[in-house]
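Dear colleague,

I am passing the structure below on to you, and after it I set out what I found. Please read the notes with the coordinates open beside them.

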Amino acid sequence: MDPLLNSADVPVKNQNPGQVIEISHLRKGFDIQEVLKDVSLKLSNGENLAVLGKSGSGKSVLIKCIVRLFSPDFGTIKVLGKDVNTLNSEDLGELRKKIGFLFQSGALYDSMTVRQNLEFPLRRIRRNLSQKEIVEKVMEALENVGLSDAYNKMPSQLSGGMRKRISLARTIVVDPLIMLYDEPTTGLDPVTSDEISLLINDIQKKYKTSSIIITHDIECARNTANRLIMLHDGEVYKDGTLKEFEDSSDTLIRSFFK
Amino acid sequence: MDKNHPVIIVKNLAKQQSIKISEKAIAKTADAHNLLTDIADFFLFLSQTCKELFSRNFEFREFLHQSFQIGYKSVPLISVTGFIMGLVLTIQARPSLVHFGAVSLLPGMVAVSLIREMGPVITALICAGKIGSGMGAELGSMKVTEQIDAMEVSSTNPMKFLVVTRVLAATLMIPVLVLYADALGLFGSWAGSNIKGDVSFVLFCSQAFSHLEFIDFIPAVIKTFFFGAVIGLVGCYKGYTAGRGTESVGIAANSAVVLSSLLVIIVDLIAVQITDLL
């Protein structure tokens, strides 16, 4: 196993001021459809990067390639200096421990309570924790998302916004270095969407994470991102700051910001 | 589409040779390719399950949980089925045996047919319906709602946590359920014998077991382990490889039942042939 990745149970915050994720010339297709044609991007340490794009533009595929839920057809993805595609399963597991992934659907385990949902990754990633420490971590994560009273509820008893928050708590409970958000505000009302955006900012400040936020909700991107990228036709269409996007006269970009 | 896909190869070859191939033939090629790919995927799934079974960090708590779900929660269904199986077999066979004046052979005949064939196969088919469909639907729904992906990114091997535990629990619990169904079947048979006759339970059992030999019992028990493995594997495979839409959950559950029932019958045929050679 790679000794650099084997930081055992307590993740060490990335001290490298450089890039935490570097993707170059990524291509990924499914059967007849080529979803990502040539995507290159970099995520700096401590940065919140929003990836915009229409539905089906390959945004979710992009972040699933980062954690190797999908294997790219071509190109390289380096996360914390490691080429994700060449890692063996053990090293990949170690790397994944440093990445939090918020799924579009929340992906809470239906058969487990909220507490068990949060304990599940914690028991596997932070194996040295005692039961008392686990309970404390779970309560802390739940308090951070403002849902400490949902401790013993089942996911089916929660609203859409609450499920998203619990899912967020489940990802931060293991202290990730990198957060990947897949459509964090999709299907939520504007008030709850703003609350989730605030949570993303709070998490970034508190846990010093670097994040990629996949969204087509421009308000979410406005509230959370330091930098934006727009994907179109499987390629990076524009990369810039929020101001550059807002000042752009490009029709496609304007259609998002109107 | 991948240039190595058989449909593309066939199309290119036809183009090179200036041969006209009908759309129907191309569709058949695609179907054949899908079938062979599915079979290959199943065997890959099987080999991965075996590999994970013998690797470190066995998920023992989840295995116990699944054993409880598969074993204990099937007890009411298997009780009713087993009892009725013995009862019906007795009621159906009795008139013929009375006709030949061989009613005293009834307990032995029922015991042999229950233990050698009826008990294992009917219990396995019921388990294929209950357990196979449950696994297919549960894992399929986990796939659709990205729970399996969530498990994978939180450094948990879903094959080990979800598949190995379920397959092993099914493999070990179904033989227990079959033995239980056999016992209740004999009890049902005794109850059936008493509808039109009067025989004590001790006498019934003594007559039943006097016709049973070791060779009746052992192969029947051994094959139930294979039934359990088949039901667990097919249920997990169909659920784990379900598509992304909600429709695929129903398809996974349905095809898990159909395929596992079919494979139970095929495994039974093979087991009977092997037993016959002994």
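B:Ser18 is exposed, with 6 other C-beta atoms within 10 Å; here a residue counts as buried if 20 or more other C-beta atoms lie within 10 Å of its own, as exposed if 12 or fewer, and as partly exposed in between, the C-beta atoms being placed from the backbone. B:Ser18 sits in the loop between helix H1 (6–16) and helix H2 (23–53) of chain B, where helices (H or I, at least four residues) and strands (E, at least two) are DSSP runs numbered from the N terminus. Its phi is near 55°, a positive value in a residue other than glycine. Most residues other than glycine have a negative phi.

Please keep in mind that this is a predicted model, in which local features need pLDDT of at least 70 and side-chain atom pairs count only at pLDDT 80 or more, while totals for chains, interfaces and linings use all residues. Residues are numbered from 1 along each chain as its sequence is written, and chains are lettered from A and ligands numbered from 1 in the order in which they are written.

A positive phi also occurs at A:Asp233, where it is about 55° although the residue is not a glycine. A:Asp233 lies in the loop between strand E9 (227–232) and strand E10 (235–240) of chain A, and it is partly exposed, with 13 other C-beta atoms within 10 Å.

As for chain B overall, its secondary structure comes to ten helices and zero strands. Its radius of gyration is 24 Å, whereas a compact globule of 278 residues would have one near 19 Å, the radius being taken over C-alpha atoms and the globule rule being 2.2 Å times the number of residues to the power 0.38. Along the principal axes, the C-alpha atoms of chain B fill a box of roughly 80 × 50 × 35 Å, and buried residues make up 42% of its 278 residues.

The domain assignment of chain B gives domain 1 (1–54) and domain 2 (59–277), with bounds that come from an automatic or database domain assignment. The C-alpha centres of these two domains of chain B lie 34 Å apart. Eight residues of domain 1 of chain B are in contact with ten residues of domain 2 of chain B, contact meaning that the C-beta atoms of two residues, placed from the backbone, lie within 7 Å.

Within chain B, helix H5 (residues 106–144) has a kink of about 55° centred on B:Leu114, the bend at a residue being the angle between axes fitted to the seven residues ending there and the seven starting there. Of the 39 residues of H5(B), 31 are buried, so the helix is largely enclosed by the rest of the structure.

Turning to the interface, the contact takes 16 residues from chain A and eleven residues from chain B. The largest share of the side of chain A that touches chain B, three residues, comes from H3(A). Several residues of H3(A) are buried, among them A:Val114, A:Leu118 and A:Ile125, and what covers the buried residues of H3(A) includes helix H4 (131–144) and helix H5 (160–172) of chain A.

With best regards
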